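Please look through the structure below before reading the report. The headings mark the topics.

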Amino acid sequence: MKKLLATLLAVAMLLSVAAVAGAESADKPFAGVTLSVLGNSSNASTFMQNHLAEFEAETGIHVNYEQLTNDQLNTKILVSMAAGGADLDVYMFMAYQNTKMYVQNGWLEPLDEYITDDFEIGDFMEGCIDMSSVDGKLYGIPHGSEYSIVFYNKTMLKEAEIDPESIKTYEDLLEACKTIEEKLPGTHGVALRGQGNGSVTIVINPARAYGGDYIDAEGKAAVNSPEFIKGVEMYRDLLQYAQEGASTMSWSDTCNVFAQRQTAFRIDSDSQYHYLIDPTSSMVSEEEIGFLPLPAGDVCASTTIGNWSVGMSYGSKNKEAAWEFIRWMNSKEACLKAALEETATPARKSVLENPEVQALYPAGYTDTAIDSGKIASGGALPNMVYSSEARTALGEALDEIFAGGDAKTYLDQANAIMQELLDQEAEEAAN
Amino acid sequence: MINWIDRNTKWLLTLPVILFILLMVAYPLFYTFQLSFHSWSMSAVKPMKFVGFANYIKMFNNPKFWQAWKLTLTYSVVCLAFETLIGLCIALLLNRSFRGSGLVRTMFLLPIVATPGAIAIVWKMIYDPALGIIAFIMKAWGMNPVAWLGNSQTALGALMVMDIWEHSPQIMLICLGGLSGIPTDSLEAASIDGASNWQRLTKITLPLLSPTILVAMMLRLIDSLKTYDQIYATTQGGPGTSTQTINVLAYRQAFENFKFGEASATIVVFFLGLVLVTVVFNILRRKAVVDY
Amino acid sequence: MTKAQKKLLKKIGFTVLLIIVLFFTMFPFAYMLLSSFKRNVDLFNMERLLIFSPTIQNYVDVFTRYSFARPLMNTSLISIVSTILSLLIGVPAAYSIARFKQKFFSVVILAVRIIPGIAFLVPWYLIFTRINLSGTYTSLILCYMRLALPYIVWIMIPFFEKLPAELEESAMVDGCIRLQAFYRIMLPVSVPGIVTATILVFISSWNNFIFGLILGTSRTQPLPVAIFSFISYTEVNWGGLMAAAMVITLPIIIISLFLQKYIVAGLTAGAVKG
């Protein structure tokens, strides 16, 4: 009897193990699949370090995650796509720069048919979604978001008796910079990119605020329009109150200028806030830093929205599993986790409005992001296939203009080059 | 069998290398050559298109192409001139026995062997307008700091300084090797005849050393025309196109602007240029050896 | 001025000059070392140029947050294996070229050396993908061999040319075939040349950047590529960069300290009495 019982017990156990295993394979349709994923070496990588194992345990998918810097990433994607794209399943790309080119080349899989209601795609910021879409089709899920904003140093503004709330227009900002330099000798007004190529993505903000844009409503290059020129000239005026040596500096330099308390303001991307309040890299404390949405020109206030997007390789052999990964990486829960661990500034509205998240970021950060969302109008680079070539041309023009050259003359030249690139794009699309 | 091996030794010994070159070098080169007659953005949906010489015609009409050649040649020639001068001077200085000479030579070796990409980042920091030592010194003297690598007027010069720092020791060490081969008795004989130090240098040392210098210069020239890592790590050809040498132009055409046909055409012409330099080098070398 | 005074003066002048030159040569290394022990906030502060509270956090970051152990191992593996394989096929070829005066072949080798590396990137990637080797060590080792092989042959040819032909001929009179003569007689006497070639090729493999950039993956990525992970999209970690640069250059510096003689010999090979 005992023997029989033992046997029965053993059989029951075996069966239950088998049942669990069976249930497991139903739960884990992709168990055993290996995905290869490319990410940019910013904070997304920290997120992977923290959470990738959970995903692998949950799904049985094995992920080879590789992190690279922007340029390296771009190169890697390109070479892999040229070879058929089968050795890559998921990759991150800089939406405002690469979406159009990648889509025209057929390197990205449209994601619309994968998206289910529970993913709540409507929760993502519209600007981020626009940036990752071409002709109404979505090619990447935004991971993180950033706006151009104004940073300021509360202590310095107080010393100079400036009320940050009074800064509504670029003229106000100009005036405030002047006051700073008068009242706080030895410091400067604003930390600003002044190196042509680097500043293109910031100059576009005043250009749009004064009514200009890269490309006009007819699809023609328009960087020499009177409105655009007005914006560029405003930026040049601001540069008079920028740090020493501004004409050669880019974002990482202006970060340090602000962090070393050499200026009271800084215009750049809000995603860099962390460096500016980290005591190991900055002399500015978390309590001291303030944020403002970009001021208005004579037409409107405008800022750019930027984000990294997670896309699927057209050549992936495991598209369903790849989507599983993208879905997990950008789910509401993951987005919240990333925000709370400060590895990505949220691209989901619900996360940005989450009180826990708002409490975590420096005071005013999330409010500024929400306000920026309302004035955001487009990406930081022209929405065209050869956007980096256009950027180079525009950057060269800006270098000349900031050095004292006539804005119209040099922007005319840049415009001609840009139009040529647009024509080339149209011609290639027609063939 | 043994006879067969013995007769074909020279092919047996070189066969693996021949196979390697065919597979890993000849085929890729042929591919690049072929690509230079096509237009292709690596698109998955549009195949490459044969365009004949269009890429070449476009290239020769592109001012950036000529600018890149100018930059490449300026960079290489200026660097080479300074490296030879500095290298030679230091070699003449060190060509004596003194305590610690081994250690000193090792120190001179370090710039040559240290990873160029990593060292370039150190230089980038030295040049940085916000945290670089040069900016600190300038600020201390009441001057405005300059981003040496971020300014289109100074970027190429700043890269040259890096190159000169890195490779002057190379010419120096080669010259030092050459100097040790110069027979001391002829120098002694000259000084007995009343020749001054300067005369001994220009009449005996330099002529005897010139083949060595020439070869050292040519080896250096070929490598410096191809400089890439340092530029990638610092300016990536910028600001604008002010440090966009041929190598960087080709890379940017391909991997930034996605114009692979044009990039291949650039590479083909660049390679032909390098071949030309090498041919000249070999002719000069043969002459130099005969003169010796 | 007496002769002794003159001599002393000369010595002082020499020493001063030498110190100046060495200062400029060593400065970037000293700066790198110093900066690698600073926090970012100190790096940007002029007053803390020399006096600061040193931190080893950057080095800790290099191996923990940026997990450099893997690329360090990758670089070592790829460099060592590609160097050994290149020696195995390169040295016999160099001997053959030197002894049998295969002029055409030596020109081909030279041509291989001067082709710009960028010409290979796309075709190689396509080939390796097609034969399912993309991103593997095998593919990287093959690419690094493209670099190493011509270098080895280039250094070894003049070396074999200098060795007297009588050496093998006497062995062949004793009944050895040419191949045996090569392995038994020539190889042992060419050890110094082989050591030279090995070190130089190892160093240039260690330093190679572009092949790893395009053809490596996270598993196989070599060090000079990994260093760029300190430049992120939102911040540049200079202190970490300097620590990473130290980690990359240190092995090379150590090799140079001990094997200086061979490296110099390699640099001058082909240049002196070409």
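## Basis of the model

This is a predicted model, in which local features need pLDDT of at least 70, side-chain atom pairs count only at pLDDT 80 or more, and totals for chains, interfaces and linings use all residues. Residues are numbered from 1 along each chain as its sequence is written, while chains are lettered from A and ligands numbered from 1 in the order in which they are written.

## Two domains in chain A

Chain A is assigned domain 1 (32-146 + 305-375) and domain 2 (148-304 + 387-430); such bounds come from an automatic or database domain assignment. The C-alpha centres of these two domains of chain A are 27 Å apart.

In chain A, 15 residues of domain 1 are in contact with 19 residues of domain 2 (contact: C-beta atoms, placed from the backbone, within 7 Å). On the side of domain 1 that touches domain 2, helix 16 (365-375) of chain A is among the elements that supply at least two residues. Helix 16 of chain A gives the most, with 6 residues. Helices (H or I, at least four residues) and strands (E, at least two) are DSSP runs, numbered from the N terminus. That side of domain 1 of chain A has 5 nonpolar, 7 polar and 3 charged residues. Here Ala, Val, Leu, Ile, Met, Phe, Trp, Tyr, Cys and Pro count as nonpolar, Asp, Glu, Lys and Arg as charged, and the others, Gly among them, as polar.

## Helix 9 of chain A

The buried residues of helix 9 of chain A include Phe228(A), Ile229(A) and Leu238(A). A residue is buried if 20 or more other C-beta atoms, placed from the backbone, lie within 10 Å of its own. Among the elements covering the buried residues of helix 9 are helix 7 (170-183) and helix 18 (407-430) of chain A.

## The largest nonpolar core

The largest nonpolar core has 299 residues, of which Ala94(C), Ile152(C), Ile227(C) and Ala245(C) touch the most other members. Such a core is a set of buried Ala, Val, Leu, Ile, Met, Phe, Trp, Tyr and Cys residues joined through C-beta atoms within 7 Å. Helix 7 (residues 137-162) of chain C gives the largest share of this core, 17 residues.

Beyond residues up to four places away in sequence, Ile152(C) touches residues including Ser86(C), Ala94(C) and Val201(C).

## Chain C against chain B

In chain C, 69 residues are in contact with 73 residues of chain B. Helix 13 of chain C provides the largest share of the chain C side, 15 residues. That side divides into 55 nonpolar, 12 polar and 2 charged residues.

Notes. Two residues are in contact if their C-beta atoms, placed from the backbone, lie within 7 Å. A residue is buried if 20 or more other C-beta atoms lie within 10 Å of its own, exposed if 12 or fewer, and partly exposed in between; C-beta atoms are placed from the backbone.
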